[in-house]
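Please look at the sequence and the fold side by side before reading on. The paragraphs below lead from one part of the chain to the next.

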Amino acid sequence: MMRRPGVRYGLLVWVAFSMLLSLLATGQAQDQGVVVIRVTGHIDGGLVPYVRRVLREAEVQGAEAVVVHINTPGGRADAATQIRDVLLNTPVRTIAFVDKKALSAGALIALACQEIYMAGGSVMGAAAPVSINGLPMSEKTVSAIRKLFRATAEHHGRSPEVAEAMVDADVAVEGVVEAGKLLTLSTQEALKLEMANGRADSLASLLEQLGIPNRAVTQATWNWAEWLVGAFPFSRSPYVT
């Protein structure tokens with residue numbers, strides 16, 4: 001049965017319109033300047049696919065940089081470790097913006113970024129691993145996470161000893177922290193120890209310092225599948241930091 005000319009014409013118009021929308025979307029993506037990933041509240045399993053997807057899209061779209069906007073007391077160690085691996089492996093420029101706190105698992109995510117900027121009055125560190133009930137973990141677990149922090153700091157040329165002292169109170173760093181005290185750095189301390197690259201009191205201030213104040217900024221949002229992963233109880237780690 002032959003189709004009517006009007007139907008054919010309609011199909012051709014629809015295909016052409018779809019191709020045009022695709023081309024426009026691609027053009028907008030190529031003009032994209034900065035993508036912002038928000039790491040706020042408790043770090044859970046849903047954050048892993050969210051960060052992985054956004055970084056992959058940022059790479060494909062040719063984003064100039066990804067800013068990881070951090071304000072978290074910590075969360076799951078396994079989720080933070082997976083995010084750390086993704087951040088270390090992406091070719092996209094990654095910048096952590098610590099807005100008030102990057103504690104525990106959040107400190108690892110910050111250290112995994114190529115650059116770290118902190119707002120005034122912010123803190124980073126206090127990453128001793130504890131169980132889901134808040135109890136101290138075994139020496140084996142502490143050692144593993146301590147070395148994970150060390151390797152992450154080394155990767156970006158930051159002090160590995162300072163990073164280790166955030167995890168293990170037995171690590172002393174001369175002139176910084178004595179044995180028996182867990183390390184947490186203020187903004188000024190992080191700058192002095194070169195654990196942070198600079199201070200920025202807002203996202204706008206950070207972008208201005210980076211020399212891209214007028215570029216497009218996209219706030220990446222979660223999709224339904226990522227929310228679902230974070231919501232299920234079976235996704236919880238046996239320990240958190």
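In which sense do strand E1 and strand E2 pair, and over how many bridges? Strand E1, residues 34-43, and strand E2, residues 65-75, pair in the parallel sense over 9 bridges, where two strands count as paired if DSSP finds at least two bridges between them. The names come from DSSP runs numbered from the N terminus, with helices (H or I) needing at least four residues and strands (E) at least two. This is a predicted model, in which local features need pLDDT of at least 70 and side-chain atom pairs count only at pLDDT 80 or more, while totals for chains, interfaces and linings use all residues. Residues are numbered from 1 along each chain as its sequence is written, and side-chain values use heavy atoms, with hydrogens and water left out.

Between E1 and E2 the path passes over helix H2, residues 47-61, and the three elements make a right-handed β-α-β unit; right-handed means that, with the strands pointing away from the viewer, the path from the first strand over the helix to the second runs clockwise. The 15 residues of H2 should span 21 Å at 1.5 Å a residue, and the end C-alpha atoms of H2 are 21 Å apart, which agrees; the expected span is 1.5 Å times one less than the number of residues. Just after H2, Gly62 takes a positive phi of about 70°.

Now turn to helix H3, residues 77-89, which holds Arg84. Leaving aside its neighbours within four places in sequence, Arg84 is in contact (heavy atoms within 4.5 Å) with Leu108, Ala112, Leu148, Ala151 and Thr152.

Leu108 and Ala112 are among the buried residues of helix H4. Because 8 of the 8 residues of H4, residues 105-112, are buried, this helix is largely enclosed by the rest of the structure. The axes of H3 and H4, lines fitted to C-alpha atoms over the stretch in contact, with angles running from 0 to 180 degrees between N-to-C directions, come within 9 Å and cross at roughly 5°. The two helices H3 and H4 are therefore roughly parallel to each other, a description used for angles under 35 degrees.

Methods. Buried < 20%, exposed > 50% of the residue type's maximum accessible area, 1.4 Å probe, protein only. Parallel < 35°, antiparallel > 145°, perpendicular 65-115°, else oblique.
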